[in-house]
Number of protein chains: 2
Amino acid sequence: LRLILVGYGNVGKSFHNLLDQKREMLRRVHGLTPKVVAVVDKGGAAIDPRGLRYDAVSRVKHRSGTVSAMPGAGRSGAKASDIIGDVDSEAMVELTPSNLRDGEPGMTHIIEAMRSGKHVITANKGPLALALPALDELALHNGVRLLFSGTVGGGTPFISLIRRSMRGNEVVSLRGILNGTTNFVLSSMERNRSTLEDALSDAKRLGYAEADSSLDVNGLDAAAKLAILTNVTFGRKITVSDVAVEGIGSIDQGAILRASERKTPIRLVAEASPEVMGVAPREVSADDPLCVYGPLNAMCLAMEGGWQVSVVGKGAGGLETAQAVLRDLVELRESLSSPGQAPGSPVESLYG
Amino acid sequence: LRLILVGYGNVGKSFHNLLDQKREMLRRVHGLTPKVVAVVDKGGAAIDPRGLRYDAVSRVKHRSGTVSAMPGAGRSGAKASDIIGDVDSEAMVELTPSNLRDGEPGMTHIIEAMRSGKHVITANKGPLALALPALDELALHNGVRLLFSGTVGGGTPFISLIRRSMRGNEVVSLRGILNGTTNFVLSSMERNRSTLEDALSDAKRLGYAEADSSLDVNGLDAAAKLAILTNVTFGRKITVSDVAVEGIGSIDQGAILRASERKTPIRLVAEASPEVMGVAPREVSADDPLCVYGPLNAMCLAMEGGWQVSVVGKGAGGLETAQAVLRDLVELRESLSSPGQAPGSPVESLYG
């Protein structure tokens, strides 16, 4: 299976490294022999139809700041969309940073890949939160698959749990802790009596938060993930702008401590059902599986008949997200009847 | 898809009822039109190639104690293995009570079904805990699928999470709370200072435990589930007799209270890795996702690279287990390329 890898930051490098490390297992267990035929970053691309190895590409990236400096294979200044359209491959893996304003550059990459008949695997929330219904339709139209496990829950398989492991059961509503940074902050404010600012600095120092944490604090990152989960779970064609959002920016430390004393700690809860959709700070019972501490994510599904299933794990992180992308690659491989098969296999819509 | 339903207790009735309630959704979403062509219980069978409805069968069962009293369709005294071998159908659903001594009568039912080319879906732990490696081989040999989501975790998709949602990632070790009764008992001893005997009576009164709870208390029920999970997760061909077991029968209430004060409550923990396999009371951190209260089950997977995924839900219960059986039916349907297809489609071994 030939791959074009677009975006070579933390997740991109981790994924490429995993592919090389797991080569033998992937072949033996899943009949999968992936070959990275192009890597694209802001500076250009490296292209080699015989396959690019992690060691070589990451060394060049580290030394020169761009993969396009690679001797022989480098194309300095090459445009991502040209590479995506022109290089022969079965799939594109899109791992550029998320952008919740217009989804770019991921949006263009994904559209270009699908138009040129390539399956898409992405961990980029932006394009999906803004346009999942349209992208799903484009995938169907082009007979390609669009897989995006890494967009929600990091390594924790929220999306696959819903789409694969619960098939045949009906979800009535879902609640989630979808942003690890704010959960870490609220945990610290509760347990260590930190201020919001101090907790946020700690989160950055420990690598749980990016330098710019505004989308964490204002709830938009959680809203983007909730938008994706709502499409997947309920087949509702909605985008992030449909989600009612309240962040934790103006949260009161006294309120946090009082709630904790009542054994109903405050968490930034994302909720969706066929009727409701929103993100806001809420009190949750200390016994609720949603009441996790530190930089964890959690999701509780309320099922028809009154039972409940919950899943907990670390939120976004380079390795965890790369592992989610690898799972999507295995799923893609299994949905094609033979390894090198051309796109055009039956593709199912999210919306039934 | 024609089904023979063997065992018509709590789970069997719930499953039959679900099939009828969800008829429209199953057809529309999954292209599945299941037809129960035979129901078997201890007294005999009811057979109708046009399909048996839940209302009619459950009414007869309630009135007469056996489905074989059904006018027109009843076969009083018919042997299950004859029905399984002789009635035309694509799959058998085996839901008789678990038996950890010799796996009967489920063992014979499952073997007979596979020999006559029928796919098997079961929620019966006994045969699998005693002979999963051999049954997997028999399934491969006969080109049929053997699905058993309902054997572990009740409605919580422990097995599917490992087999489907985490494909491509490597599990280093797993720890589980696999028996809801003992977890309820340990929770009550800790939180309400109950004695073991009182907590067990409460569990029976509330419907969390069977009249005979000896297999819960001595740890064998958890060991049987751990044996199944170990086969699935690590491809180790082992049975319940390979599991080191220590139950909660001789547990000391003082120890429980002291552990709780140290914020490391005692739980009956099942653990497996490629090297280890055992069930025993252990202290777990209050922050550990495994530290659940009441009749819940939980499973934590430690993944290669040092990350962790956990899932929590209610353990066995008629409705929850029936929902797991329904998920297996949807998976079976999807693995056949067309609804009425004869057995013989590619079947994968658990052991790779």
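Glu304(B) forms a salt bridge with Lys22(A), and their closest N and O atoms lie 2.2 Å apart; the term stands for a side-chain nitrogen of Lys or Arg within 4 Å of a carboxyl oxygen of Asp or Glu. Between chain A and chain B the count is eight salt bridges. This is a predicted model, in which local features need pLDDT of at least 70 and side-chain atom pairs count only at pLDDT 80 or more, while totals for chains, interfaces and linings use all residues. Residues are numbered from 1 along each chain as its sequence is written, chains are lettered from A and ligands numbered from 1 in the order in which they are written, and side-chain values use heavy atoms, leaving out hydrogens and water.

The contact (heavy atoms within 4.5 Å) takes 34 residues from chain A and 34 residues from chain B. The two chains bury about 2,900 Å² between them, 50% of it from carbon and sulfur atoms, where buried area is the accessible area (1.4 Å probe) that two parts lose on being put together, summed over both. Of the area that chain A buries against chain B, Ser165(A), Arg167(A) and Trp307(A) supply 19%, more than any other three residues.

Within chain B, helix α1 (residues 10-21) packs against helix α13 (residues 318-335) at an angle of about 55 degrees, their axes 8 Å apart; helices here are DSSP runs of H or I with at least four residues, numbered from the N terminus, and axes are lines fitted to C-alpha atoms over the stretch in contact, with angles from 0 to 180 degrees between N-to-C directions. Among the residues that make this contact are Phe15(B) of α1(B) and Leu326(B) of α13(B).

Conventions. Helix = DSSP H or I, 4+ residues; strand = E, 2+ residues; numbered from the N terminus.
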